[in-house]
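Please examine the sequence and the coordinates before reading on.

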Amino acid sequence: MLVQLRGGTYPLDEPLELTAADSGRDGHRVVYQAFGYGTPDQEEVVLSGGRRVTVREETGGVWAAVVGSLEPRQLYAAGRRAERASIDALPGTAAMTETGYTTDSADPLSWRNPGDVEFVHRGVYPWTEARCGVAAVTAEDGTTVITMAQPAFGRALDLYNSTWQGVTSRGLGLPTRIENDAAFLTLPGTFVLDRSAPGAHVVRYLPRPGERPEDVVVPALETLLRVTGARDVSLRGLTFADATWTRPGGPEGFLHYHGSGFYEGGPIDTVSLGEGVGSVTVPRESATIPACVVLDGVSGVTVDGCRFTRLGATGVGVHGGADVTVRGCDFDTLSAGALTVTGSARDVLAEDNWIHHVGLDHPGSPGVALLGTTGCTLSRNHIAETPHCGIVAGSGRGTRILGNVTTGTMSVMADGGGVYLAGPQGESHEDGAVVRGNVWDADPMGADAPPQGVTYEGNSTLADEAELLAATEAVRSRAGLLTPRPGLRPAPLTEPLPSGAS
């Protein structure tokens with residue numbers, strides 16, 4: 001059965017749901033596709049979780065819109081992402097306490113709605129960025145006291161503990177950035193969310209020159225499409241856009257640990273880094289950043305030629321199931337990663353996907369993350385401009401990472417690589433991972449410790465721009481995208497590598 005969607009933007013009031021009842025039958029597939037898919041006349045079909053808002057102008061050129069009970073953490077004007085208004089650090093001489101922070105600066109007392117302010121902690125560990133909200137700001141005996149939201153702050157005190165060459169750290173430390181108060185709204189292209197009036201939240205945006213109020217969109221839905229237990233379904237040529245993820249703004253915050261994982265509470269273990277070196281604490285279990293398009297327990301599902309953009313979490317999440325293909329898709333402007341494959345999923349193929357400018361709000365997220373999978377293959381993808389790793393393969397069997405190009409990785413976080421292996425990769429070379437024919441620019445393959453059973457061959461590290469350009473034809477013949485993309489040069493780079501990169 002073929003279902004064709006005519007061109008246009010379709011605002012979704014609720015997530016689309018497909019179940020086993022929507023499966024193909026008797027050897028036939030159910031196909032949902034853009035009208036004219038695969039032809040020069042293909043029409044653009046956008047499935048959007050966003051809402052256009054009614055804007056009024058306030059003093060100082062600020063636009064304001066009442067958004068009801070929505071809690072958008074992203075905003076877009078004419079499709080262009082706006083950033084949350086922020087300042088660089090906690091002003092004054094500051095210190096961390098058991099419940100928050102103190103500072104000798106009175107500036108936080110002028111924050112207009114402290115309960116909406118969020119502290120960002122980049123580099124708690126070199127691969128980690130956490131978020132925790134403020135509960136209250138008060139003045140006590142000439143000192144400004146900032147009380148942080150619970151349970152996030154208390155959990156962080158338990159989670160982030162390390163010793164390195166005799167130096168011990170505990171908790172989040174001082175924030176590296178502070179977001180989301182109207183007092184910070186000074187730069188065009190930034191916004192804040194005011195939740196002080198229940199049911200009448202207000203988004204305030206300082207527009208860029210030339211922008212129009214009618215082009216402002218705030219994401220409302222967290223999930224755009226959920227496919228559960230379906231078989232033999234294809235999605236072709238569709239764009240999924242404008243979704244959010246509100247959990248980081250709640251009292252549990254976002255306690256990132258590694259890759260696409262974050263901490264929700266529970267047992268914590270201490271891992272030695274070696275005698276005389278130090279130790280770190282690690283969560284025994286982690287949750288996975290959710291996806292805006294979810295394939296849960298499906299089989300024989302294909303996603304071809306789709307685009308995933310302006311999403312507040314991960315693009316596509318495959319959980320469990322088998323025989324899933326994500327091919328020829330574009331992923332960009334994502335708050336987290338492009339693709340996660342978890343939950344004992346088997347025989348998943350991700351091929352010929354262009355993944356770039358991801359991890360914008362959660363920079364520890366890799367472009368692609370595998371965890372607990374069997375027989376999964378990542379082949380001929382181009383992963384560019386990621387704050388941390390291009391690909392992270394957690395514990396699994398039979399993983400194949402073949403002919404991918406990763407460029408512009410590790411631009412924000414540390415201790416990773418273009419391809420990073422974390423955890424056991426089978427028991428021998430028969431069921432271990434194969435990492436072959438990949439090309440990366442700055443950081444090569446990384447691993448906490450080289451796992452057993454990994455076949456690692458024919459990979460290339462191109463250290464500078466001249467080497468990359470000289471190797472272009474050879475690279476194209478064996479690695480990177482199979483299908484050219486508009487806007488992507490034939491070379492394997494989206495941008496020249498900075499001088500001196502290594």
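Two strands pair if DSSP finds at least two bridges between them; strands (E, at least two residues) are DSSP runs, numbered from the N terminus. The model is predicted, with local features needing pLDDT of at least 70 and side-chain atom pairs counting only at pLDDT 80 or more, while totals for chains, interfaces and linings use all residues. Residues are numbered from 1 along each chain as its sequence is written, and side-chain values use heavy atoms, without hydrogens and water.

| Pairing | Bridges | Residues between strands | Positive phi in the turn |
|---|---|---|---|
| Strand 14 (118-122) and strand 15 (129-140) | five | six | G123, about 85° |
| Strand 15 and strand 16 (143-148) | six | two | D141, about 55° |

Each pairing forms a hairpin. H121 has A130 of strand 15 as its bridge partner, and E140 stands opposite T143 of strand 16.

The whole structure holds two cavities of 30 Å³ or more. A cavity is a set of points on a 1 Å grid over the protein atoms alone where a 1.4 Å probe fits but cannot get out; lining residues have an atom within 4 Å of a point. Grid points are joined across faces, edges and corners, and the volume is the space filled by probe spheres set on them.

The largest cavity has a volume of about 40 Å³. Its lining consists of V53, V55, W63, A64, A65, L75, V203, Y205 and V216. Strand 8 gives the largest share, three residues. The second largest cavity, of about 30 Å³, is lined by R73, Q74, R84, R131, E179, D361 and H362.

Note on methods
1 Å grid on protein atoms, 1.4 Å probe; cavity = no way out; pocket = protein on both sides within 12 Å on 5 of 7 lines; lining within 4 Å. Helix = DSSP H or I, 4+ residues; strand = E, 2+ residues; numbered from the N terminus.
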